[in-house]
Amino acid sequence: MAIWEMLAVFAAGIGAGTINTIVGSGTLITFPVLIATGLPPVTATVSNALGLIPGSISGAIGYRAELTGQRRRILRLGTAAAIGGLCGAVLLLLLPETAFETIVPVLVGLALVLVVLQPRISRAVQRRRERQGEATGDPAGGPALFVGLLLASVYGGYFTAAQGIIYLSLMGMLLHDTLQRLNATKNILAAVVNSIAALFFLFVAHFDWTAVLLIAVGSTIGGQIGAKVGRRLPPTALRALIIAVGLFAIVQLVTRS
C-alpha cells in the first residue's frame, strides 16, 4: 500500500470502530476503502473481519457498565452468534459473491421497520406477559431470539455490514430492556462473530496483514470514541441514528449489487 492508502485504511478503521460501537455497519466504511486499494473482495472481507475484532472489544469495554447483570443472556446469545458466525464464514468461501446481494438489503430494511416499531412491539409484548402473569419474560429472549440471532450471525460471518442493526431490532422486539443495554450486548455478539469467522479464515484464506493492523488500531480508537458518544445518546436519538445508518446501508448495498 502507498502511504496515502494506509492513511485512508486507518481513518476508515477509526470510523468503522466508532459507528460499529454506536449502531453497526462499520464495514460499509472499511470495505469500499479496502477494495479501492486493490484488494480482492474475499481478501478484503476476511482482513476486515479480523481487523474489526479489537474495535468490537474496545466498544464492549466502553459499555461495561451496561453489561452488568447480562452474563446469562450473553452466554446464551453468544453461543448462537458463534455457531452462526462460523457457518457464515464457511459460506463466504463456498458461495458466489452474488448469493446474498438480493436478500441483504431486504433483511436490513426489515430490521429498520422493527427498530421503528420496537417501542410499540415491546409494549404489546409486555402487556401480554403481564396478562399471562410473567413480569419480564425470559431474560435471554427465548428460542425465537436464539434462532433469530443465529440466522443473523450467519449473515454476519458472511459479510458483517449492518448486522448490528439486525441484532438490535431482534433484541429490542423480544427483550424487555433499555436500548443502551441491548447495544452493549450487541457489541459483545459482534465481537464473537468476527472472532469466530476470523479464526476460521486464518486457516483457509489469505489476509492482507497491513490492512488488518491498520484497521485493528483504528477500530480500537474508534470503539472508545463510539462508547463515549453512544452512551450519552437518549433512546430516541439512538433509534434515529440506527435508522439513518440503516438507510445509508441499504443504499450502499443496493448500489454495490
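This is a predicted model: local features need pLDDT of at least 70, side-chain atom pairs count only at pLDDT 80 or more; totals for chains, interfaces and linings use all residues.

Visitor: What makes up the chain in terms of helices and strands?

Guide: The chain contains 11 helices and 0 strands. Followed along the sequence, its pattern reads α-α-α-α-α-α-α-α-α-α-α.

Visitor: Why is Phe-203 called exposed?

Guide: A residue is exposed when its relative accessible area is over 50%. The value for Phe-203 is 72%, and therefore Phe-203 counts as exposed. This residue, Phe-203, is located in helix α9.

Visitor: Why is Val-42 called partly exposed?

Guide: Buried requires under 20% relative accessible area and exposed requires over 50%, with partly exposed in between. Val-42 has 36% relative accessibility, so Val-42 counts as partly exposed. Val-42 belongs to helix α3, which covers residues 41–51.

Visitor: Which residues make the nonpolar surface patch?

Guide: The patch consists of Val-42, Leu-93, Leu-199, Leu-202, Phe-203, Val-204 and Trp-209, and has an area of about 710 Å². To join such a patch, a residue needs over 30% relative accessible area. Val-42, at 36%, counts as partly exposed, and Phe-203, at 72%, counts as exposed. Helix α9, residues 179–204, gives the most to this patch, namely 4 residues.

Visitor: How far apart are Val-42 and Leu-93 in sequence and in space?

Guide: In sequence, Val-42 and Leu-93 are 51 residues apart, while their C-alpha atoms are 8.0 Å apart in space.

Visitor: What share of contacts in the chain joins residues at least 24 apart?

Guide: Among contacts between residues at least 6 apart in sequence, the share is 83%.

Visitor: What percentage of the residues counts as buried, and what does the chain expose?

Guide: The chain has 257 residues, of which 53% count as buried. The chain exposes about 11200 Å², and carbon and sulfur atoms supply 71% of that area.

Visitor: What makes a space inside the model a cavity?

Guide: A space is called a cavity because a 1.4 Å probe fits there but cannot get out. The structure holds 2 cavities of 30 Å³ or more. The largest cavity has about 150 Å³ of space. Its lining has 17 residues, and the closest to its centre are Asn-20, Ser-56, Gln-163, Ala-190 and Asn-194.

Visitor: Which helix supplies the largest share of the lining of the largest cavity?

Guide: Helix α9 does, with 4 residues. At least two lining residues come from each of α1 (3–22), α4 (53–62), α8 (163–174) and α9.

How values were computed. Residues are numbered from 1 along each chain as its sequence is written. Side-chain values use heavy atoms; hydrogens and water are left out. Patches are made of residues with over 30% relative accessible area and no salt bridge: like charges are joined within 9 Å, nonpolar side chains (Val, Leu, Ile, Met, Phe, Trp, Tyr) within 5 Å. Accessible areas come from the Shrake-Rupley method with a 1.4 Å probe; for residues, only the protein chains shown count as cover. A salt bridge is a side-chain nitrogen of Lys or Arg within 4 Å of a carboxyl oxygen of Asp or Glu. Buried means under 20% relative accessible area, exposed over 50%, partly exposed in between (1.4 Å probe, protein chains only). Contact means heavy atoms within 4.5 Å. On a 1 Å grid over the protein atoms alone, a cavity is a set of points where a 1.4 Å probe fits but cannot get out, and a pocket is an open set with protein on both sides within 12 Å along at least five of seven lines; lining residues have an atom within 4 Å of a point. Grid points are joined across faces, edges and corners, and a volume is the space filled by probe spheres set on the points.
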